Amino acid sequence: MSNRLRDVLDAYTASEIERALSVWQTDDEVDEHYNALFRELLTYMMGDPRTITACTHLLFMAKNLERIGDHATNIAETVHYEITGEDMLGERPKAVPGPGEEPTPTPHLSASPDAADD
């Protein structure tokens with residue numbers, strides 16, 4: 001997490017769009033780590049109710065780290081906008097799609113405000 005935050009802040013200060021896009025494209029990794037940790041801690045809590053308090057605190061910490069990752073992605077989008085003057089279109093990368101789900105689109109730029117109407 002600290003690498004993503006450092007990279008996006010460096011991208012912001014140096015106006016490096018490639019670095020910002022790199023952070024934006026790895027948003028799904030943070031979500032995957034959080035989801036895996038959530039499932040593992042839930043398993044521990046179901047197996048031994050004495051762990052519920054400790055696991056709950058760990059879940060809150062993990063959620064806050066995941067939010068920091070979301071903020072880093074927001075900053076990456078801001079860097080992109082400040083450099084290009086265009087919003088990033090498409091959804092943020094998410095965890096690997098399951099069977100029958102569509103893959104996550106890569107970012108693309110709007111050519112003009114009227115391009116969405118085509």
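**A helix pair and its setting**

The model is predicted. Start where two helices meet. From H1, the residues in contact are Arg4, Leu5, Val8, Leu9, Ala11 and Tyr12. On the H4 side, they touch Ile68, Gly69, Ala72, Thr73, Ile75, Ala76, Val79 and Glu82. Sorted by class, this contact of H1 with H4 counts 10 nonpolar, 2 polar and 2 charged residues.

Now the geometry. Two packed helices are described by the angle between their axes and by the distance between the axes. H1 covers residues 2-14 and H4 covers residues 52-84. The two pack at an angle of about 20 degrees, and their axes lie 9 Å apart. Angles under 35 degrees count as roughly parallel, so H1 is roughly parallel to H4. What is the handedness of the crossing of H1 and H4? The crossing is left-handed.

Step back to the whole protein. It holds 4 helices and 2 strands. Read from the N terminus, the order of elements is α-α-α-α-β-β.

Next, contacts across the sequence. Take those between residues at least 6 apart in sequence: 59% of them join residues at least 24 apart.

Finally, burial and surface. The protein has 118 residues, and 25% of them are buried. Its accessible surface comes to about 7,900 Å². Carbon and sulfur atoms account for 57% of that surface.

Note on methods:
Residues are numbered from 1 along each chain as its sequence is written. This is a predicted model: local features need pLDDT of at least 70, side-chain atom pairs count only at pLDDT 80 or more; totals for chains, interfaces and linings use all residues. Side-chain values use heavy atoms; hydrogens and water are left out. Axes are lines fitted to C-alpha atoms, for helices over the stretch in contact, and angles run from 0 to 180 degrees between N-to-C directions. Angles under 35 degrees count as roughly parallel, over 145 as roughly antiparallel, 65 to 115 as roughly perpendicular and the rest as oblique. A crossing is left-handed if the near helix is turned anticlockwise from the far one by less than a right angle, and right-handed if clockwise. Contact means heavy atoms within 4.5 Å. Ala, Val, Leu, Ile, Met, Phe, Trp, Tyr, Cys and Pro count as nonpolar, Asp, Glu, Lys and Arg as charged, and the others, Gly among them, as polar. Buried means under 20% relative accessible area, exposed over 50%, partly exposed in between (1.4 Å probe, protein chains only). Accessible areas come from the Shrake-Rupley method with a 1.4 Å probe; for residues, only the protein chains shown count as cover.
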